[in-house]
Amino acid sequence: ALAKVPALGWFQYVVFCGQMELFAVNQDFEDPPGQMSSRLVFGFSAYKKTQFSGWDYGPYGIPGAERIKNPEVRKKKLNS
């Protein structure tokens, strides 16, 4: 089945995954584990909070959703 996928399809898959890793879903070392945000990268410079980046991901990975503020509710949802 892997040989049936055209080379352009593999290229598209690799580029999409690379963009997600580099820009769209970034784990900042200052944030708690699992708290993702976006960033904008030019060369070796990363911009976390700009007009085009800096989105935070809320519950279930929804961009721009409000995070669960109550620690008890968050613990219960994470454990279920």
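A: In this predicted model, there is one aromatic pair. The pair is made by Trp10 and Tyr13, whose ring centres lie 6.2 Å apart and whose planes meet at 85 degrees; that angle is over 60 degrees, so the pair counts as edge-to-face. Two values are enough for such a description, because a pair of aromatic rings is described by the distance of the centres and the angle of the planes.

Both residues of the pair belong to helix α1, which covers residues 7–24. Trp10 and Tyr13 are three residues apart there, or about one turn of the helix. As for solvent, Trp10 has a relative accessible area of 35%, so this residue is partly exposed.

Another tryptophan, Trp55, sits in a loop, the one that runs between β4 (45–47) and α2. Trp55 has a relative accessibility of 47%; this value falls between the limits of 20% and 50%, and Trp55 therefore counts as partly exposed. Leaving aside residues up to four places away in sequence, Trp55 touches Met36, Ser37 and Ser38. Ala65 is ten residues from Trp55 along the chain, and the C-alpha atoms of the two are separated by 9.4 Å.

The wider setting is as follows. The protein chain has two helices and four strands, and their order along the sequence is α-β-β-β-β-α. Of its 80 residues, 11% count as buried. The accessible surface comes to about 6,900 Å², and carbon and sulfur atoms account for 64% of that area. Taking contacts between residues at least 6 apart in sequence, 6% join residues at least 24 apart.

The largest pocket has a volume of about 430 Å³. It is lined by 15 residues, and those closest to its centre are Gly58, Pro59, Ile68, Arg74 and Leu78. Helix α2 (residues 71–79) gives the most to this lining, with three residues. Sorted by class, the lining of the largest pocket consists of eight nonpolar, four polar and three charged residues.

To return to the request: the aromatic pair is Trp10 with Tyr13, edge-to-face, within helix α1, while Trp55 lies in the loop between β4 and α2.

How values were computed: Residues are numbered from 1 along each chain as its sequence is written. This is a predicted model: local features need pLDDT of at least 70, side-chain atom pairs count only at pLDDT 80 or more; totals for chains, interfaces and linings use all residues. Side-chain values use heavy atoms; hydrogens and water are left out. Rings of Phe, Tyr and Trp (its six-membered ring) pair if their centres lie within 6.5 Å; planes under 30 degrees apart count as stacked, over 60 as edge-to-face and the rest as tilted. Buried means under 20% relative accessible area, exposed over 50%, partly exposed in between (1.4 Å probe, protein chains only). On a 1 Å grid over the protein atoms alone, a cavity is a set of points where a 1.4 Å probe fits but cannot get out, and a pocket is an open set with protein on both sides within 12 Å along at least five of seven lines; lining residues have an atom within 4 Å of a point. Grid points are joined across faces, edges and corners, and a volume is the space filled by probe spheres set on the points. Ala, Val, Leu, Ile, Met, Phe, Trp, Tyr, Cys and Pro count as nonpolar, Asp, Glu, Lys and Arg as charged, and the others, Gly among them, as polar. Contact means heavy atoms within 4.5 Å. Accessible areas come from the Shrake-Rupley method with a 1.4 Å probe; for residues, only the protein chains shown count as cover.
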